[in-house]
Amino acid sequence: MSAAGDLAPAALRAAIRRGDWTGPTAGAVRGYLQCNLAILPEGFARGFESWCQANPGVCPLVAVGKPGDPRLPSLGGDIDLRTDLPGYSVFRGGRPGGHVLAIGDLWRDDFVAFAFGCSFSFEGVLLGEGVDLRYLARGEREAIYRSSLETTPVDGFSGPLIVSMRPLRPVDAIRAIEVTARYPLVHGAPVHIGKPEAIRVDPDRPMETLGGISVADDELPLFWACGVTPQLAIRRAAPDICITHRSAHMLVTDIPVDTLRDRTPEDGLTPGSGGS
């Protein structure tokens, strides 16, 4: 199999369907939009969509499915949400129900799917802009933390903001803020910079990490909104069933990230929207 960053999106999705790829998608198909996923019963869909719209930095919506339809053709003509993520998390009545590799046997006619941008998408952009992601050279990845920041509650959906941390030197941090601010559909600029104790985060105690983590003496921790946040909000709303991506196991789309520059959740993926 080709190196992860060299795969085409459709090739990676095909590998996932065959069961040849069951791990995280961080670093995979660099240059294309990766999405977080949430699938809820139709009775909860309107409330969840309103919560996303009230928290666009947390859940920058790029696609919403039709009831009962496992496809999101605007993100890829062959996408089947029942098979095309390398890992899913299932929640029942707001409680964790385990992880699965496919959800065909769980699919219902009243399910509505929501896809929203993931910060994995912008790492290739940062590298292309000359930002030195030294944590990658150290063999490390992002870590996620529960912060003391709160999302805006809507219709029973509420909860704390989960953040992903990337350590950067100050000169790279400045450039990273400038660059990611131009990509609000993949979370945009950081929500917090430095002083993790100010948001009650202990960098040595992440909720999850894909590998070792460290912040060098000449680096600052930068925190971006994380797509795991909705899982906590959905748990509070407690639908009888909800399915999400497993943390770090994203939906890889056919959308080039560079086409998302300056587009907002209100613009969506409509060609020609956004700034120059």
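1. Rings of Phe, Tyr and Trp (its six-membered ring) count as a pair if their centres lie within 6.5 Å, with planes under 30 degrees apart called stacked, over 60 edge-to-face and the rest tilted. By that rule, a search of the whole structure gives six aromatic pairs.

2. The model is predicted: local features need pLDDT of at least 70, side-chain atom pairs count only at pLDDT 80 or more, and totals for chains, interfaces and linings use all residues. Residues are numbered from 1 along each chain as its sequence is written, and side-chain values use heavy atoms, without hydrogens and water.

3. Phe 48 and Trp 51 are stacked, at 5.9 Å centre to centre and 25 degrees between the planes. About one helical turn separates Phe 48 from Trp 51, because they are three residues apart in helix H2 (residues 42-54); helices are DSSP runs of H or I, at least four residues, numbered from the N terminus. Both Phe 48 and Trp 51 are buried (under 20% relative accessible area, 1.4 Å probe, protein chains only). Phe 48, Trp 51, Phe 114 and Phe 157 form one aromatic cluster.

4. The pair of Trp 107 and Phe 111 is edge-to-face, because the ring centres are 5.3 Å apart and the planes stand at 85 degrees. Trp 107 counts as buried at 15% relative accessibility, and Phe 111 is buried at 0%.

5. Arg 166 lies over the face of Trp 224, 5.3 Å from the ring centre. The criterion is CZ of Arg, or NZ of Lys, within 6 Å of the ring centre and within 35 degrees of the ring normal.

Terms used:
Helices (H or I, at least four residues) and strands (E, at least two) are DSSP runs, numbered from the N terminus. Buried means under 20% relative accessible area, exposed over 50%, partly exposed in between (1.4 Å probe, protein chains only).
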